[in-house]
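Dear colleague,

Please read the notes with the coordinates open beside them.

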Amino acid sequence: MIRPRVSRFPARKQALAAVAVLGAVGVAATACASGSSGTRSASASATTSDPRPSPSRTSTGPDSPSGPDGQNSQGSPNGSAGSTGSSGNTGTGTTPPSSSNGSPDSPGSPNSPAAPGAPSSNVTTPTAPGYQPPAVPRTNSDVDCSVAKCIALTFDDGPGPDTGRLLDLLKAQNVPATFFVLGNQAVKYPDLVHREYAEGNEVGNHTWDHKDLSKLPAAAVQDEINRAADAIAAAGIPRPTLVRPPYGAVNDTVRAVGGFPFIMWRVDPEDWKYPDPARVADQIVSHAKPGRIVISHDIHKTTVDAVPAVIQRLKQQGYTFVTVSTLMKGVELRNGQSYFNRPPAETTGNGQGQGQGQG
């Protein structure tokens, strides 16, 4: 009787089965060892050499709506990451203290990037009344107007919506001007008043709310001038030392109690009456003479539109633009007296003149 082929070699069957089992175990062990090693390697790489920025270490500027993971930074008034574990140190979750002026790029937080347009760390904009900022170099302040061909542009009744654009134009042309500011407008636009001074212009006093001083009692005259001076100083600049009476209107009472020199004008384009940039420019240029003061109003868009042509044409004629104080340097300005232009050399120390117009 012949047995089936499979059962004829039981020893070989057992040997083959044992080899198969050992082979499977070896493969599994190799795979297991390889997988464990790969996991540890990947983990190490993630913690030591991952080039991608970690959301927990990224600080966003104050104008950035979100971090790289789309989450808004929380817990920091300056917009930098300030939640737990997001300070970029060792997970302390503590936001670095900000400086007294609140700048995100100030000393004490050197890693916080400044947002576009943010002030630098050493710039402050104080608002406390009576604050005296460091001396700011005045454009053309060293010009001697007893020799040079000087003219002073002055702007009344502001600041207003177009004053910022006017300041841009003056700065681009390196031209200083004198702004006779209303107190109630200084309260409304303190940043513009501060900018006027900071960019090398002069800021004068145009009373609190443009009342005709010649029609007021002595106490009211003083109040109009003093309230305006307080508002201007509250914008973070020195108290003004020059006054322009509204409408150029003064009388014996105003002269007696005003307490400052009164700055009038010789050139008036009547921009308040004729809102035409070309006419305004023509009137200023055609009436310009060395030593004269020009009046106009930065509250009128058409006046600001005329300024580039005025500057270009007068520069071509050899004029140097100066502030009123530079124009009057060397002239003894007296409280209660009116000044319309730089007086001739033989009258220096008096400086009075005749003239009237809208202010």
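The notes below begin with confidence and then turn to strands and side chains.

Please bear in mind that this is a predicted model, with a pLDDT that averages 73 over the chain and reaches at least 70 for 58% of the residues. Over residues 1–13 the pLDDT is below 50, and this stretch has one contact in the model beyond near neighbours in sequence. Residues 27–134 likewise stay under 50 in pLDDT, although the model has 101 contacts for them beyond four places in sequence. Where pLDDT is low, the predicted coordinates should not be read in detail.

As for the strands, β1 (residues 150–156) runs parallel to β2 and is joined to it by three bridges, with F155 having F179 as its bridge partner in β2. Between β1 and β2 the chain passes through helix α3 (residues 163–173), and this β-α-β crossover is right-handed. On β2 (residues 178–181), T178 and F180 point one way while F179 and V181 point the other, and all of them are buried; side chains in a regular strand alternate between the two faces of the sheet. Strand β3 (residues 202–205) also pairs with β2 in the parallel sense, over four bridges, and here the partner of F179 is V203.

Turning to the rings, the structure holds one aromatic pair. The charged end of R227 sits over the ring of W208, 4.0 Å from its centre, and K149 lies over the face of Y319, at 4.5 Å from the ring centre.

Best regards

Notes. Residues are numbered from 1 along each chain as its sequence is written. This is a predicted model: local features need pLDDT of at least 70, side-chain atom pairs count only at pLDDT 80 or more; totals for chains, interfaces and linings use all residues. Side-chain values use heavy atoms; hydrogens and water are left out. Rings of Phe, Tyr and Trp (its six-membered ring) pair if their centres lie within 6.5 Å; planes under 30 degrees apart count as stacked, over 60 as edge-to-face and the rest as tilted. A charge sits over a ring if NZ of Lys or CZ of Arg is within 6 Å of the ring centre and within 35 degrees of the ring normal. Buried means under 20% relative accessible area, exposed over 50%, partly exposed in between (1.4 Å probe, protein chains only). Helices (H or I, at least four residues) and strands (E, at least two) are DSSP runs, numbered from the N terminus. Two strands pair if DSSP finds at least two bridges between them. A crossover is right-handed if, with the strands pointing away from the viewer, the path from the first strand over the helix to the second runs clockwise. pLDDT is the predictor's confidence in each residue, from 0 to 100. Contact means heavy atoms within 4.5 Å.
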